[in-house]
Amino acid sequence: MRMVDLIAKKRDGLELTEEEISFIINGYTDGSIPDYQVSAFTMAVFFQGMTEKECADLTMAMVNSGDVIDLSEIEGIKVDKHSTGGVGDTTTLVLGPLVAALGVPVAKMSGRGLGHTGGTIDKLESVKGFYVELDNKEFIQLVNKNKIAVIGQSGNLTPADKKLYALRDVTASVNSMPLIASSIMSKKIAAGADCICLDVKTGAGAFMKTLEGSRELAEEMVRIGNNVGRKTMAVISDMSQPLGFAIGNALEVKEAIDTLKGNGPKDLTELCLTLGSQMVFLAEKAESIEEARTKLEEVIANGKALESFKLFLRSQGGDDSVVDQPDKLPQSKFVYELPAKEAGFVAEITADSIGTAAMILGAGRATKDSEIDLAVGLILRKKIGDQVEKGESLVTIYSNTEKIEEVKEMLYNHINISKNHVEAPVLIHEIITK
């Protein structure tokens, strides 16, 4: 088998076999196939696309290039949730303990964030003492005991995907739907879950800016998951403005606590209930989506979801008293209000630019080596469609420096006010199950 022949085959729009795709991925991973040939292959895929079978075979070849997490010792149907990213996306912090309170095992493998704010692990480390350095035995024991645990990502999970993504990034072939979908799904499948619930964002703060692109990505990932034996579904949700009000690590933990108490932002609460209902249904803990939602609302109302969060924190060394005393979370030195310059209705809050403002404060990483300030960030006081008076606060800025002029300018430039009434954006665009 020769790589040049496989490049030509894909260039001509023909379907590659499972053996041929495995040859490419294995050869690239072990270094026997050079970058320049794989870059030619990815460009051929960019223009010719891939069939359903090719996408599934590519995904599994990348899964099998490294470690595959074995969760078979965990009792019950394991359901994982993946978001394609966004600003103020606190769903994992809420969803984990929420569905665990109904007996759904959540064996979560998470990473650190690069961008607007930290990843799930960074956010959880806002809680004093919380740690994720668990060995596999302890991880599985915690999930069986508490139905939830979070561990750091394995260093050797889908090494082929890491190499392939780095190559695509410098050869203008990132925006290929088969390559994007197989990249995301390879990591989720290698993480060992039986079922996968995808939260595919759309809008200014999302990877996919248009609804059409988000739908195409969601459908591709659902097809891949189902074709390789994982029950998979996707929710397409809005990211034209930040989700919830909080953007920043400790601030998002507090917002997650409020949501588990039943006092969270409407959009964050609704998205968590929508995703959570799908997870509970996939885990066969309810006979319908409607029944699953009712059960989730009940564990929020009776406090079981909050107790699940406390148990989760406590079991991984965290100070669970922050749930009742959120002032124990990291606090910034300075708090500033951003007053509206005019009266009207909030017409636009550009999610990615607001996220960048939070990163400038120190809430996120510009590079992998950047240090995160867990205390800083933003709290939105208005969302799209809300009425605002001149001088009323648009945003509360939490900072550890008094030099915030750049942040203020960015916020003013990307929160637009209209004299005319504006409708709030639709939160849940579509749910894709096939």
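Leaving aside neighbours within four places in sequence, V395 is in contact (heavy atoms within 4.5 Å) with Y336, E337, L338, L378, I379, L380, R381, L411 and I415. Apart from the core described next lies another, of 56 residues, including L58, F139, I151 and M221. The largest nonpolar core has 79 residues, of which L313, L378, V395 and L411 touch the most other members. Helix α12 (residues 266-282) supplies the largest share of this core, eight residues. A nonpolar core is a set of buried Ala, Val, Leu, Ile, Met, Phe, Trp, Tyr and Cys residues joined through side-chain atoms within 4.5 Å. Helices (H or I, at least four residues) and strands (E, at least two) are DSSP runs, numbered from the N terminus.

This is a predicted model, in which local features need pLDDT of at least 70, side-chain atom pairs count only at pLDDT 80 or more, and totals for chains, interfaces and linings use all residues. Residues are numbered from 1 along each chain as its sequence is written, and side-chain values use heavy atoms, without hydrogens and water.

The whole structure contains zero disulfides, a disulfide being a pair of cysteine sulfur atoms within 2.5 Å. The sulfur of C272 has its closest cysteine sulfur in C197, at 11 Å, which is too far for a bond.

| Cysteine | Relative accessibility |
|---|---|
| C55 | 0% |
| C272 | 1% |

S418 lies in strand β12 (residues 415-418). Not counting residues up to four places away in sequence, S418 touches G344, F345 and A347.

Terms used
Buried means under 20% relative accessible area, exposed over 50%, partly exposed in between (1.4 Å probe, protein chains only).
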